[in-house]
Amino acid sequence: MRLRRTLLALVVVLGGLVAGTSGATAAAPYCGITWGSTARTAGSLSSGPLIEVRTGRHDCYDRVVFEFAGPADGYSVAYGETYTEGQGLALSPYTAGGALLSVSLRAPAYDDQHVGTLPYRAGEHAATVLGYRTLRDVVFGGSFEGYTTFAVGVRARLPFRVFVLSGPGTHSRIVIDVAHQWQA
């Protein structure tokens, strides 16, 4: 009798486990984010110079904004090593974070007279990200022949998106959002 009850209890438990796993669904996307972590490239070369770099914290992601004095929509963003423009020096030894987003903007960081429009030199930190959940560093890689490079250090290889905003006025912005995690 005791053996029969034990076997019955075991069958009920195993049946519940099998039924529970067959109806299981994948974890829901974190905050509805379905971006992924593959490389993103868009736009063309422009002459509107980069004039500001800023960051922001949001509930589900951290943000880097590159603002241009004119229309700009060209970029290439991917996980991997970033090199300084013109010199080809690797920025990973100087950039905090467990993963590195290589950001190449198809616009200069200097004006028509070749005067720099940003207050940084290659290798300098362009933003303070103390207290951010995902961003660890933003390092200027320089600007050469119309291309401007940044290394964005993040906590780990996480989903990201890139998009272009117009305004304010004649300005434009290229925005990178990096999620805090993969799934809920």
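Reader: Which residue forms a salt bridge with glutamate 67, and how far apart are the closest N and O atoms?

Author: Side chains of opposite charge can pair when their charged atoms come close. Here the partner of glutamate 67 is arginine 54, with the closest N and O atoms 2.8 Å apart; a salt bridge requires a side-chain nitrogen of Lys or Arg within 4 Å of a carboxyl oxygen of Asp or Glu. Glutamate 67 lies in strand E3 (residues 61–68) and arginine 54 in strand E2 (residues 50–57), so the contact ties together parts 13 residues apart in sequence. Strands (E, at least two residues) are DSSP runs, numbered from the N terminus. The model is predicted: local features need pLDDT of at least 70, side-chain atom pairs count only at pLDDT 80 or more, and totals for chains, interfaces and linings use all residues. Residues are numbered from 1 along each chain as its sequence is written, and side-chain values use heavy atoms, with hydrogens and water left out.

Reader: Is glutamate 67 buried or exposed?

Author: Buried means under 20% relative accessible area, exposed over 50%, and partly exposed in between (1.4 Å probe, protein chains only). Glutamate 67, at 8%, counts as buried, whereas arginine 54 is partly exposed at 29%.

Reader: With which residue does arginine 161 form a salt bridge?

Author: Arginine 161 pairs with aspartate 177, their closest N and O atoms being 2.8 Å apart. Arginine 161 belongs to strand E8 and aspartate 177 to strand E9, so parts 16 residues apart in sequence are tied together. Aspartate 177 has 0% relative accessibility and is buried; arginine 161 is partly exposed at 28%.

Definitions and conventions
Helices (H or I, at least four residues) and strands (E, at least two) are DSSP runs, numbered from the N terminus.
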